[in-house]
Structures are given as C-alpha cells and as structure tokens.
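Please look over the sequence and the model shown here.

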Amino acid sequence: MNAPLVSVVMPHYEAPHDLALVLAALELQEHPLDRLEVLVADDGSREAPDPGGRPYAVRVLRQPDEGFRAAAARNLGARAARGDVLCFLDSDTVPEPGYVAAVVRAVAAGADLVVGRRRHADLATTTPEALRWWLSGGGDAPREFDEPAWLREAYDRTDDLAAAGDDAYRFVISAVLSTTRTLFEQVGGFEEEFAAYGGEDWEFAHRCWLRGATFRHAREAVAWHDGPDFAGRTDDDEARRSRNVEGLTLARFVPGHATRGDQLVWTHPDVVVTLDDTGVPVADVVAAVRSLLAGSDAGVWLRDGAALAALEDPRVHRGDPPPAVLARARYRVGLDRPVVLAGATLADLAEVAPAGAGAHLTVRRTRDLHRAGPGVEVLQVPGVSAEPPVAVDLQRLWGREDHRRRPRFQRSLRTPFVATECPVAAP
C-alpha cells in the first residue's frame with residue numbers, strides 16, 4: 001500500500017528486439033506492477049514501437065527524427081510521467097526482477113540520485129521467453145562480458161558514491177539512472193544540446209551534484225546491457241571522433257580541468273563572481289576584474305557595468321548571472337566592492353573552499369550553499385589578501401616603466417642571442 005509510483009522512462013530508436021526484452025523483464029519486477037508505469041520515448045523511428053499488452057501501464061511518446069536526441073527523449077518521457085521516482089533505462093538494458101525495488105529502497109534511505117549496476121551480456125539472439133526463463137532462475141545465462149574495471153574501482157573507492165567528491169558525475173550512467181521527481185524538476189532535466197552519443201548523463205549528474213543531491217550506487221539494482229561496454233568495443237578513428245564530439249559538448253557545460261583543461265574561455269565558468277561596481281571609478285573596476293580573472297576559469301558579473309564601455313573581455317558581463325550559469329558553476333564569490341586579490345588566484349582558493357581572503361572575499365562551493373547554506377565555516381588562507389584598489393594607474397599596472405629607466409628589452413640585449421637549428425626527425 002505504501003509503494004511509490006515509479007515511472008520507467010526509456011528512450012528508443014529502431015530497436016524492437018531490445019525493447020521487447022526490456023518490456024518482458026519489467027513484467028517480472030518485484031515492485032508492485034500496479035505502481036509501475038512505463039513510458040517509451042521514441043526518438044523518431046520509422047514505425048512507432050508497439051509495446052503490446054502488459055500487466056503494467058505503458059505509453060509510447062514520439063518525437064521527430066532530428067538526429068541522436070536521447071536527452072530530449074528522456075525529457076519527453078519525464079514530462080509525461082506521473083511517478084514520484086523516475087527510473088531511466090535504456091531500451092537495450094534489461095533489469096533483473098529486483099531492480100526497481102532496489103532503486104526504491106535507495107530513495108527511501110535518502111538518495112536523490114541512484115545509479116544501478118550495469119552488467120554486460122550477449123542478448124542479440126535471446127527471445128523474451130528465454131529471458132523470462134533465465135531471469136526466473138530456470139534457464140542458462142547468456143554469454144557475459146566484462147564490467148568496466150574503472151567503474152568498479154570508483155564505486156569501491158567512494159563507498160558506492162557516499163564519499164564521492166566533485167567528480168561524482170563521472171560515475172553516473174543514464175542507462176541505469178534513477179532520480180526523485182523533485183530533483184529532476186529542480187535541475188530542469190537533461191540538457192538537450194547533447195545531440196550525439198554520450199555525455200548528457202554526466203552533465204545532468206553534475207548539475208544534480210551542485211544542487212546538493214545525495215548520490216548512491218545501488219549494487220543490487222542490476223540491469224544487463226546487450227553487448228560489451230562502449231569503451232571496450234573499439235579504438236578506431238570513428239570511436240575517437242565520437243569521443244571528441246562528446247568531449248567538446250561536455251567542455252561547454254561542465255567546468256573543471258578534467259573536462260576542459262586550461263586557457264580557453266567558456267560560456268559556463270567554474271567560478272561565478274558578482275561584483276557591485278556602482279559609483280566606482282572604471283580604473284578600479286578594471287584593476288579588480290584583472291586580478292579576479294587571472295589564472296582562473298571565472299566569469300564576473302557587474303551590477304552597474306559602466307566599465308564595460310572600456311572592457312572587451314568576454315568573461316565580464318552586466319547584471320545577474322543567468323540561472324544556467326549558476327547551475328553549473330562549482331564556486332561562487334559575491335563582492336560588495338571591487339578588490340584586488342594578491343597571494344593566490346581564485347582557482348587556488350577554490351581548491352580549499354570554502355576559503356576567504358581577508359574581510360571582503362570568500363569563495364564558497366555551490367553544493368555547500370544548497371546543502372548547508374552560507375553558514376559553513378570558512379578557512380582564512382594565510383598570506384592571501386583581497387583589498388580595495390588604491391591609487392590605480394592602469395598603465396603602470398599593465399607594465400609601463402618610467403621613461404627615465406632603461407626599457408626591459410634593451411637590458412635583455414646584454415645577453416647574446418644565439419640561433420640554433422630545430423632538430424628534424426628522420427623520415
């Protein structure tokens with residue numbers, strides 16, 4: 001009587017055999033079938049899938065074929081779902097009978113996002129009847145492939161994600177992903193800019209993590225993927241191109257060295273700085289912005305923005321940060337006046353956040369703000385200061401020397417310059 005309504009959402013495209021296996025496996029679920037609904041979100045197959053008669057409620061939703069749009073298909077199904085728990089399964093990933101019940105137990109224990117255990121087997125020739133026989137314990141198991149070792153090691157190392165850090169998103173797989181409806185709606189679902197294989201689950205999980213969600217890997221929630229893990233299938237040019245497409249899209253939306261490296265400027269920064277520059281001399285604002293951006297993946301939003309008439313840096317904006325930016329930035333800084341940071345960069349402070357530099361500047365973790373509010377204890381970092389700029393002379397700040405001094409390039413001429421040939425590798 002207390003079992004929650006669970007909505008199983010499956011993106012599907014031109015895979016009737018795989019879909020038939022998953023639908024058959026859902027008939028065997030230990031979770032009450034009258035508290036289970038299934039939504040097949042078809043991504044533009046030439047013919048609409050026919051789920052047939054099932055002992056649970058099932059609906060087919062369709063979107064036009066505009067390329068690989070699994071993220072949009074999942075959102076389509078989730079919008080139509082009625083359950084308090086959203087259970088996302090790929091249409092080639094067959095759940096064992098205890099799968100849904102294990103997810104529900106994890107949610108009841110406090111998890112907002114649950115990752116099941118994806119195993120791999122050759123199901124290409126398995127019929128729904130043979131599958132039922134196998135999952136009921138009476139038939140031979142299909143040929144099994146290895147599980148990804150890096151995932152097993154990650155779950156072991158993080159106590160099944162209970163002790164995970166900011167990289168927790170890397171261990172979330174959409175094929176065996178479940179969330180509460182509340183969390184899904186808070187973060188706004190999957191990012192539909194992902195229009196190729198892979199990455200949308202990591203980006204979604206990243207936003208969930210920053211929102212303060214509790215993650216859990218439920219080992220007993222086992223589902224079988226038809227075929228080996230993608231990473232173990234091939235390493236040819238096509239696979240590399242696919243990974244590069246995924247990597248470039250991830251870099252746009254998921255800040256951090258692991259996804260985008262250093263040096264380049266992105267729309268969604270790692271650190272969001274809001275700065276009240278009202279009535280402040282433009283030179284003071286420029287000096288402050290220069291020090292705040294130095295060496296960091298940061299963006300600055302100015303309340304007044306008068307300095308933008310002189311600044312042309314794409315990392316500096318006027319007004320409030322957009323919600324999409326705030327949802328993806330790992331760190332926040334709020335300043336009621338311009339300050340010049342000395343002794344460290346914002347990136348340095350972020351590594352030990354929540355961290356402060358004097359009375360004016362504090363770097364806070366977005367996840368902490370959602371989970372514990374602004375009252376988290378702040379570490380004051382010794383040797384680092386953030387003070388209002390004084391008597392700013394921009395030309396000297398940028399390196400102009402006094403005209404009475406010998407220019408630096410002339411002093412450097414004292415050291416002889418010797419040209420050397422670049423070695424050329426033998427053909």
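Asp 42 is buried, at 0% relative accessibility. This is a predicted model. Asp 42 forms a salt bridge with Arg 62, and their closest N and O atoms are 3.2 Å apart. The pair links distant parts of the chain: Asp 42 sits in strand E2 and Arg 62 in strand E3 (residues 57–62), 20 residues apart. Arg 62 has 41% relative accessibility, so it counts as partly exposed.

Strand E2 is largely enclosed by the rest of the structure, because seven of its seven residues are buried. Leu 36, Val 38, Val 40 and Asp 42 point one way from E2. Glu 37, Leu 39 and Ala 41 point the other way. What does E2 pair with? Its partner is strand E1 (residues 6–12), in the parallel sense, over seven bridges. Val 8 stands opposite Val 38 in E2.

Pro 55 is found in the loop between E2 and E3. Its relative accessible area is 47%, so Pro 55 is partly exposed. Leaving out residues up to four places away in sequence, Pro 55 touches Glu 27 and Leu 33. The C-alpha atoms of Pro 55 and Leu 36 are separated by 9.4 Å. These two residues are 19 residues apart along the chain.

## Further salt bridges

Side chains of opposite charge can pair when their charged atoms come close. The structure holds 30 salt bridges. One of them joins the side chains of Arg 132 and Glu 27, at 3.2 Å from N to O. This pair links distant parts of the chain, 105 residues apart. Arg 132 lies in helix H4 (residues 128–135), and Glu 27 in the loop between helix H1 (16–26) and strand E2 (36–42). Arg 132 is at 26% relative accessibility, so it counts as partly exposed.

Asp 90 and Arg 74 form another salt bridge, with the closest N and O atoms 3.1 Å apart. Asp 90 is in the loop between strand E4 (85–89) and strand E5 (93–95). Arg 74 is in helix H2 (residues 70–80), 16 residues apart from Asp 90. Are these two residues buried or exposed? Both Asp 90 and Arg 74 are buried. Elsewhere, salt bridges that share partners join Asp 166, Asp 270, Arg 330, Arg 365 and Asp 368 into one network.

## Helix H3

Why is helix H3 (residues 99–108) largely enclosed by the rest of the structure? Eight of its ten residues are buried. They are Tyr 99, Val 100, Ala 101, Ala 102, Val 103, Val 104, Ala 106 and Val 107. Gly 110 follows H3, and its phi is positive, near 115°.

## The seven-stranded sheet

Seven strands form an open sheet with mixed pairing. Their order is E12-E11-E10-E13-E16-E15-E17. Strand E12 (316–318) and strand E17 (379–380) stand at the edges. Each has a single partner strand, so one side of each is left without a neighbour in the sheet.

Strand E15 (residues 355–357) and strand E16 (residues 361–365) run antiparallel, joined by three bridges. Gly 356 stands opposite Thr 362 in E16. Helix H10 (residues 282–293) lies across strand E10 (271–275), strand E11 (298–302), E12, strand E13 (331–335) and E16. H10 runs at about 155° to E11.

## Pocket and cavity

Rolling a probe the size of a water molecule over the atoms shows where empty space is left. The second largest pocket has a volume of about 620 Å³. Its lining has 27 residues. Of these, Asp 262, Gly 295, Ser 296, Asp 297 and Ala 298 lie nearest its centre. Helix H9 (257–260), E11 and helix H12 (346–351) each give two or more residues to this lining.

How many cavities of 30 Å³ or more does the structure hold? There is one. About 30 Å³ of space lies in the largest cavity. Its lining is made up of Pro 354, Arg 364, Arg 365, Asp 368, Leu 369, Gly 373 and Val 376. E16 and helix H13 (366–371) each give two or more residues to the lining of the largest cavity.

Technical notes:
Residues numbered from 1 in each chain as written. Predicted model: local features only at pLDDT ≥ 70, side-chain atom pairs only at ≥ 80, totals over all residues. Heavy atoms only, no water. Pairing = 2+ DSSP bridges. Helix = DSSP H or I, 4+ residues; strand = E, 2+ residues; numbered from the N terminus. Contact = heavy atoms within 4.5 Å. Axes fitted to C-alpha atoms, helices over the stretch in contact; angles between N-to-C directions. Salt bridge = Lys/Arg side-chain N within 4 Å of Asp/Glu carboxyl O. Buried < 20%, exposed > 50% of the residue type's maximum accessible area, 1.4 Å probe, protein only. 1 Å grid on protein atoms, 1.4 Å probe; cavity = no way out; pocket = protein on both sides within 12 Å on 5 of 7 lines; lining within 4 Å. Points joined across faces, edges and corners; volume = space filled by probe spheres on them.
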